[in-house]
Amino acid sequence: MVEIFDPIGAIYKEVGDEKPFFDLVDEFYKGVENDLILRPMYPEDLTDAKRKLALFMIQRTGGRTTYSDERGHPRMRQRHMPFSIGLNERNAWMKNMMAALDKVPELAPHKETLTEFFESFSTFMINKQP
Ligand code: HEM
């Protein structure tokens, strides 16, 4: 069997703690709360959205699999279909995530890998032409 190295899946072990992922998500949603493009897309109470994103990131980086235990297969593109995501929404999401990433020192060694992941994943979520 050919082993394919998945740099994202190796991050959790190196960070070794969940807190930085919860911090990242907290910072991200602080940005979302003040974002005129994104805020209206999210529910008023962000508690659940925060928890889901944190658990998704913990799972995707190689940590516990509570996200899929609770939600099943991620099917992210399908889960984003109810929201109209064009380039503006994608760029707003990226802007807030990049600002959040800069606020979590424990994730700094993984900034490049995470940035590449968020860049491509957010582009993949686009489901609306301009
Ligand atoms: C491209 C721009 C994006 C927009 C506008 C967007 C917007 C949203 C919205 C409105 C929700 C619903 C929140 C809720 O009701 O709880 C959601 C859920 C979610 N998003 Fe995004 N998202 C984007 C990209 C991404 C990316 C790149 C990721 C992963 C890195 C991601 C991960 C998630 C997760 C894990 C959920 C929860 C899914 C579930 O289990 O229900 N999103 N997103």
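This is a predicted model: local features need pLDDT of at least 70, side-chain atom pairs count only at pLDDT 80 or more; totals for chains, interfaces and linings use all residues.
**Exercise 1.** Determine which residues come nearest to the ligand, and which of them place a polar side-chain atom by a ligand N or O atom.

*Solution.* 
1. The cut-off for a polar contact is 3.5 Å between N or O atoms.
2. For Tyr67, a polar side-chain atom lies 2.5 Å from an oxygen atom of the ligand.
3. For Trp93, an N or O atom of the side chain is 3.4 Å from a ligand nitrogen atom.

**Exercise 2.** State where the ligand sits, and describe the shell around the ligand by element and by class.

*Solution.* 
1. The site of the ligand is the largest pocket.
2. Two or more residues of the shell come from each of α3 (47–60), α4 (66–71), α5 (76–80), α6 (87–101) and α7 (111–124).
3. The shell comprises 16 nonpolar, two polar and four charged residues.

**Exercise 3.** Characterise the largest pocket by volume, lining and class.

*Solution.* 
1. The volume of the largest pocket is about 710 Å³.
2. The lining consists of 26 residues, with Tyr29, Tyr42, Met76, His80 and Trp93 closest to the centre of the pocket.
3. Elements contributing two or more lining residues are α3, α4, α5, α6 and α7; α3 gives the most, namely six residues.
4. By class, the lining holds 18 nonpolar, two polar and six charged residues.

Note on methods
Residues are numbered from 1 along each chain as its sequence is written. Side-chain values use heavy atoms; hydrogens and water are left out. A polar contact is a pair of N or O atoms within 3.5 Å; within protein, one must be able to donate a hydrogen and the other to accept it, and residues adjacent in sequence count only if both atoms are side-chain atoms. On a 1 Å grid over the protein atoms alone, a cavity is a set of points where a 1.4 Å probe fits but cannot get out, and a pocket is an open set with protein on both sides within 12 Å along at least five of seven lines; lining residues have an atom within 4 Å of a point. A molecule sits in a cavity or pocket if more than half of its atoms lie within 2 Å of its grid points. Helices (H or I, at least four residues) and strands (E, at least two) are DSSP runs, numbered from the N terminus. Ala, Val, Leu, Ile, Met, Phe, Trp, Tyr, Cys and Pro count as nonpolar, Asp, Glu, Lys and Arg as charged, and the others, Gly among them, as polar. Grid points are joined across faces, edges and corners, and a volume is the space filled by probe spheres set on the points.
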